[in-house]
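Good morning, and thank you for coming. Please look at the model on the screen while I speak about its charged side chains.

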Amino acid sequence: MVPAETVIGVSTRDIRALAKQTAKDRKLAEELWSSVFIEAKSLAILLLSPKLVDETLIEAWVTEINDWSTCDQFVKVIMAGRSDAISW
């Protein structure tokens, strides 16, 4: 269950629309990821391109995932295209 204090209430549709209007940016993604809000984490994931993701980022972020929606999105957006995804 997602703790209520970590939810702002922004729809996934709106987060995706914002991500489409925003350039891929690892620094911004890392700043958003540091938020307690799942919507910020969702936007952070969407602002990463595969070229911007390395093992250091994956290791850091995986340890901070604590809800199913963030986990699902992380796997689909970041891990799905990686040849080493199974090893994680």
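This is a predicted model: local features need pLDDT of at least 70, side-chain atom pairs count only at pLDDT 80 or more; totals for chains, interfaces and linings use all residues.

Glu31 and Lys27 both belong to helix α2, where 4 residues, about one turn of the helix, separate them. The two form a salt bridge, and their closest N and O atoms are 3.9 Å apart. Glu31 is partly exposed, at a relative accessible area of 46%, while Lys27 counts as exposed, at 59%. Salt bridges with shared partners also join Arg26, Glu30 and Asp54 into one network.

How many salt bridges does the structure hold? The count is 4.

Let us turn to one pair within the network. Arg26 forms a salt bridge with Asp54, and here the closest N and O atoms are 3.2 Å apart. Arg26 lies in helix α2, which covers residues 26-33, and Asp54 lies in the loop between α3 (38-46) and α4 (55-62), so this pair ties together parts that are 28 residues apart in sequence. Arg26 is partly exposed, with 22% relative accessibility. Asp54 is likewise partly exposed, with 32%.

Which residue forms a salt bridge with Arg13? The partner is Asp14, and the closest N and O atoms of this pair are 4.0 Å apart. Is Arg13 buried or exposed? Arg13 is exposed, with a relative accessible area of 65%. For Asp14 the value is 41%, and this residue is partly exposed.

Thank you for your attention.

Terms used. Residues are numbered from 1 along each chain as its sequence is written. Side-chain values use heavy atoms; hydrogens and water are left out. A salt bridge is a side-chain nitrogen of Lys or Arg within 4 Å of a carboxyl oxygen of Asp or Glu. Buried means under 20% relative accessible area, exposed over 50%, partly exposed in between (1.4 Å probe, protein chains only). Helices (H or I, at least four residues) and strands (E, at least two) are DSSP runs, numbered from the N terminus.
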